[in-house]
Amino acid sequence: MNDITLNNGVKIPKVGFGTAAIGSWQQDDDYVKNVIISAIEAGYRHIDTASLYGNERSVGRAIKESGIPREECFITSKVWDNEQGTKATIAAFENTLKRLEMDYLDLYLIHWPVPEKTQETWQAMESLYEQNRIRALGLSNFRQSDIEQILGFAKVKPAYNQLELHPYLLQKELTEYCESQGIVVACWSPLGSGTWRGIPIDEKPVSDQTISDIATKHSVSNAQVILKWNVQQNRIVIPKAESPNNIINNLLLDGFGLTAEDITQINELNRNQRFGADPDTAYEENMQMNVPA
Ligand SMILES: NC(=O)c1ccc[n+]([C@@H]2O[C@H](COP(=O)([O-])OP(=O)(O)OC[C@H]3O[C@@H](n4cnc5c(N)ncnc54)[C@H](OP(=O)(O)O)[C@@H]3O)[C@@H](O)[C@H]2O)c1
């Protein structure tokens, strides 16, 4: 009920905890660790991080200090653009595990497509998967053409694709393509991203009047409506929250259901509006961004 089974049989909790820019971008300290501990105490068992977020040490320390056994947590990390390639991917993976102080990952993603490196990167990930060091392999920000490229040579089919997806950006064709290939869709910035992107909260889907009306009807929060809209359609969500109320609220999605009409109304809010980078244009800028030591 609260998990989705990936195409290799591995189960992933539908609601994960996003960790990008807790505190500030690439912050990695006790503050970050304590926010993640609060999330674990609230009940999250799925945590989304990335080498680029610069906070893998805090994630690892939070899990250790929470006292929850490692194997009860589902940990996702990602290989950054300029870490891709055969040897570089293996080195990036080893560094990620070292920072997390773990000996395996539940899910490892290619953070953004770098088409000239995709085959080398994926095959390096496949070798780690075959050594049981990663339980599932996936993608992030991959367009249909990028997925088709991978499917042309993959021995291990991608299980997951993490996309910017919220009521203002439906990505309907891509989502349907992923689902037709047995690739589970996960939504990043499900609420429309944090204020760190400089967009006022009242311009985001979480403040939309249609969402508010549906929330009032079901006596839940706007965020719960958006998250439920995704999980009810078998998509994974990874909201990030620092406020204790938001951390708890985003996990409480049982006890109400959206109607088909609610779902249609939310779908109709689509305006193809991105709050984050676009895979068609992100390449140059991403290549200039580095994973902190
Ligand atoms: N693969 C990629 O390329 C990629 C890109 C971007 C993000 N991500 C992942 O996706 C995660 C989430 O994305 P995001 O951090 O950009 O945005 P988000 O989860 O859509 O939004 C976070 C913002 O929403 C607020 N919020 C959280 N719960 C709320 C609630 N119940 N009611 C009202 N406001 C609420 C948070 O406030 P407070 O913090 O004050 O509680 C924060 O300002 C990231 O942390 C990261 O793990 C992946």
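A: Buried here means under 20% relative accessible area. By that cut-off, the buried residues of H8 are Asn222, Ala223, Gln224, Val225, Ile226, Leu227, Lys228, Trp229, Asn230 and Val231. Keep in mind that this is a predicted model.

Q: How many of the residues of helix H8 are buried, then?
A: Ten of the ten. H8 covers residues 222-231, and it is largely enclosed by the rest of the structure because every one of those ten falls in the buried class.

Q: What do the buried residues of H8 pack against?
A: Five elements. They are strand S9, strand S10 and the helices H7 (209-218), H9 (244-249) and H10 (260-267).

Q: Let's take S9. How many of its residues are buried?
A: Five of its five, so the strand at residues 184-188 is mostly covered, given that buried means under 20% relative accessible area.

Q: Which residues sit on which side of S9?
A: Val184, Ala186 and Trp188 are on one side. Val185 and Cys187 are on the other. Both faces are covered.

Q: Which strands does S9 pair with, starting with S8?
A: S8, residues 160-164, pairs with S9 in the parallel sense over five bridges. S10, residues 236-237, also runs parallel to S9, joined by two bridges.

Q: What do S8, helix H6 and S9 make together?
A: A right-handed β-α-β unit, with H6 at residues 172-180.

Q: And S8 itself, buried or exposed?
A: Buried. Five of the five residues of S8 are in that class, so the strand is largely enclosed by the rest of the structure. Tyr160, Gln162 and Glu164 point one way, while Asn161 and Leu163 point the other.

Q: Which strand pairs with S8 over two bridges?
A: S7, residues 134-140, in the parallel sense. Serine 140 has glutamine 162 in S8 as its bridge partner.

Q: Back to H6. What does threonine 175 touch?
A: Threonine 175 is found in H6. Leaving out residues up to four places away in sequence, it touches Leu163, Leu165, Leu170, Val185 and Arg235. Threonine 175 counts as buried because its relative accessibility is 4%.

Q: Switching topic: where is glycine 60?
A: In helix H2, residues 56-66. At a relative accessible area of 5%, glycine 60 is buried.

Q: What does glycine 60 touch?
A: Leu100 and Met102, not counting residues up to four places away in sequence.

Q: How far apart are glycine 60 and arginine 70 in space?
A: 9.3 Å, C-alpha to C-alpha. In sequence they are ten residues apart.

Q: Where is alanine 21 found?
A: In the loop between strand S3 (17-18) and helix H1 (30-42). Glutamine 26 is likewise placed in the loop between S3 and H1.

Q: Is alanine 21 buried or exposed? What about glutamine 26, buried or partly exposed?
A: Alanine 21 is buried, with a relative accessible area of 4%. Glutamine 26 counts as partly exposed, because its relative accessibility is 27%.

Q: Last topic, pockets. What volume has the second largest pocket?
A: About 320 Å³.

Q: How many residues line the second largest pocket, and which lie nearest its centre?
A: It is lined by 16 residues. Nearest the centre lie Asn2, Lys14, Val15, Leu251 and Asp254.

Q: What classes does the lining have?
A: Eight nonpolar, three polar and five charged residues line the second largest pocket.

Notes:
Residues are numbered from 1 along each chain as its sequence is written. This is a predicted model: local features need pLDDT of at least 70, side-chain atom pairs count only at pLDDT 80 or more; totals for chains, interfaces and linings use all residues. Side-chain values use heavy atoms; hydrogens and water are left out. On a 1 Å grid over the protein atoms alone, a cavity is a set of points where a 1.4 Å probe fits but cannot get out, and a pocket is an open set with protein on both sides within 12 Å along at least five of seven lines; lining residues have an atom within 4 Å of a point. Grid points are joined across faces, edges and corners, and a volume is the space filled by probe spheres set on the points. Ala, Val, Leu, Ile, Met, Phe, Trp, Tyr, Cys and Pro count as nonpolar, Asp, Glu, Lys and Arg as charged, and the others, Gly among them, as polar. Helices (H or I, at least four residues) and strands (E, at least two) are DSSP runs, numbered from the N terminus. Buried means under 20% relative accessible area, exposed over 50%, partly exposed in between (1.4 Å probe, protein chains only). Two strands pair if DSSP finds at least two bridges between them. A crossover is right-handed if, with the strands pointing away from the viewer, the path from the first strand over the helix to the second runs clockwise. Contact means heavy atoms within 4.5 Å.
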